[in-house]
Amino acid sequence: MSKKILLNSKEINIILHRLACQLIENHNNFKNTVLIGIQPRGTFLAERLVTILKDEYHISNIEFGQLDITFYRDDFRRREAPLEANKTNINFIVEDKNVVFIDDVLFSGRSIRAALTAIQSFGRPTNIELLVLIDRRFSRHLPIQPDYRGRQVDVINEEKVTVNWKERDGKDAVYIINK
């Protein structure tokens, strides 16, 4: 198994700031926009973006939530090992709001499809956008594309993209792992 670094900590930081600026360009003061991190790994990216928006761009009224999609996945009962549910933490209604889903890697599109189903429990959004750190563009099984992407990568299906966050893994890095 070989492991190649795709992004280091400095490159991730630059990308996060660029993504934050793109969100500001499209959503201005976030008055009618909510950010939702998709559990489990999208929440690290979402929390980091919220911190940048609040601390560096002084946007104080950001509504942020975390969405667990475990029971909405189409492979929920097909796996040998049972999936572990995470916590959904959305204490607001998304009715008539602009929703930005945030996830670390866009691979097949199945997680986003599950998120689209799961969010309906919280109202009917006006618009839904997708922000991802890594877009594996040639791996899609569903017609889902990100509105915001940190980096687009072309990897073959046997290769895996792994995102490490300092909050969980000790350092920020993105790797391509060849099995």
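These legends describe close-up views of a predicted model.

**View 1. Strand E2 and its two faces.**
Strand E2 spans residues 33-38 and is mostly covered, with six of its six residues buried. In a regular strand, side chains alternate between the two faces of the sheet. Here Thr33, Leu35 and Gly37 point one way. Val34, Ile36 and Ile38 point the other way. Residues of both sets are buried.

**View 2. The strand partners of E2.**
E2 and strand E4 (residues 98-106) run parallel and are joined by five bridges. Across this pairing, Leu35 stands opposite Val100. Strand E3 (residues 63-67) also runs parallel to E2, again with five bridges. On that side, Gly37 stands opposite Gln66. Between E2 and E3 the chain passes through helix H2 (residues 42-55), and this β-α-β crossover is right-handed.

**View 3. The largest nonpolar core.**
This core has 33 residues. Leu131, Ile134 and Val174 have the most contacts inside it. Elements giving two or more residues include strand E1 (2-7), helix H1 (9-27), strand E5 (127-136) and strand E8 (173-178). Strand E6 (148-153) and strand E7 (159-164) are also among them. H2 supplies the largest share, seven residues. Apart from this core lies another, of 19 residues, among them Ile36, Leu67, Val99 and Val132.

**View 4. The surroundings of Val174.**
Which residues does Val174 contact, leaving aside its neighbours within four places in sequence? They are Lys4, Ile5, Leu6, Leu7, Ile12, Leu133, Ile134, Val161, Thr162 and Val163.

**View 5. Lys3 over the ring of Tyr175.**
Lys3 lies over the face of Tyr175, at 4.3 Å from the ring centre. The count of aromatic pairs, in contrast, comes to zero.

Gly109 sits in the loop between E4 and helix H3 (110-118). Its relative accessible area is 3%, so Gly109 counts as buried, the cut-off being under 20%. Not counting residues up to four places away in sequence, Gly109 touches Arg140, Leu142 and Ile144. Gly109 and Arg136 are 27 residues apart in sequence, with their C-alpha atoms 9.9 Å apart in space.

Ile144 belongs to the loop between E5 and E6. Ile144 is buried too, because its relative accessible area is 14%, and the limit is under 20%. Leaving aside neighbours within four places in sequence, Ile144 is in contact with Leu106, Gly109, Ile112, Arg113 and Leu130. From Ile144 to Leu35 the C-alpha separation is 18 Å, and these two are 109 residues apart along the chain.

Gln39 and Pro40 are joined by a cis peptide bond. Its omega is about -5°. Pro40 lies in the loop between E2 and H2.

His58 is in the loop between H2 and E3. Its phi is near 55°, a positive value in a residue other than glycine. Is His58 buried or exposed? His58 is exposed, because its relative accessible area is 65%, and exposed starts over 50%.

Asp96 is placed in the loop between E3 and E4. Asp96 is not a glycine, yet its phi is positive, about 60°. At 49% relative accessibility, Asp96 counts as partly exposed.

Terms used: Residues are numbered from 1 along each chain as its sequence is written. This is a predicted model: local features need pLDDT of at least 70, side-chain atom pairs count only at pLDDT 80 or more; totals for chains, interfaces and linings use all residues. Side-chain values use heavy atoms; hydrogens and water are left out. Buried means under 20% relative accessible area, exposed over 50%, partly exposed in between (1.4 Å probe, protein chains only). Helices (H or I, at least four residues) and strands (E, at least two) are DSSP runs, numbered from the N terminus. Two strands pair if DSSP finds at least two bridges between them. A crossover is right-handed if, with the strands pointing away from the viewer, the path from the first strand over the helix to the second runs clockwise. Rings of Phe, Tyr and Trp (its six-membered ring) pair if their centres lie within 6.5 Å; planes under 30 degrees apart count as stacked, over 60 as edge-to-face and the rest as tilted. A charge sits over a ring if NZ of Lys or CZ of Arg is within 6 Å of the ring centre and within 35 degrees of the ring normal. A nonpolar core is a set of buried Ala, Val, Leu, Ile, Met, Phe, Trp, Tyr and Cys residues joined through side-chain atoms within 4.5 Å. Contact means heavy atoms within 4.5 Å.
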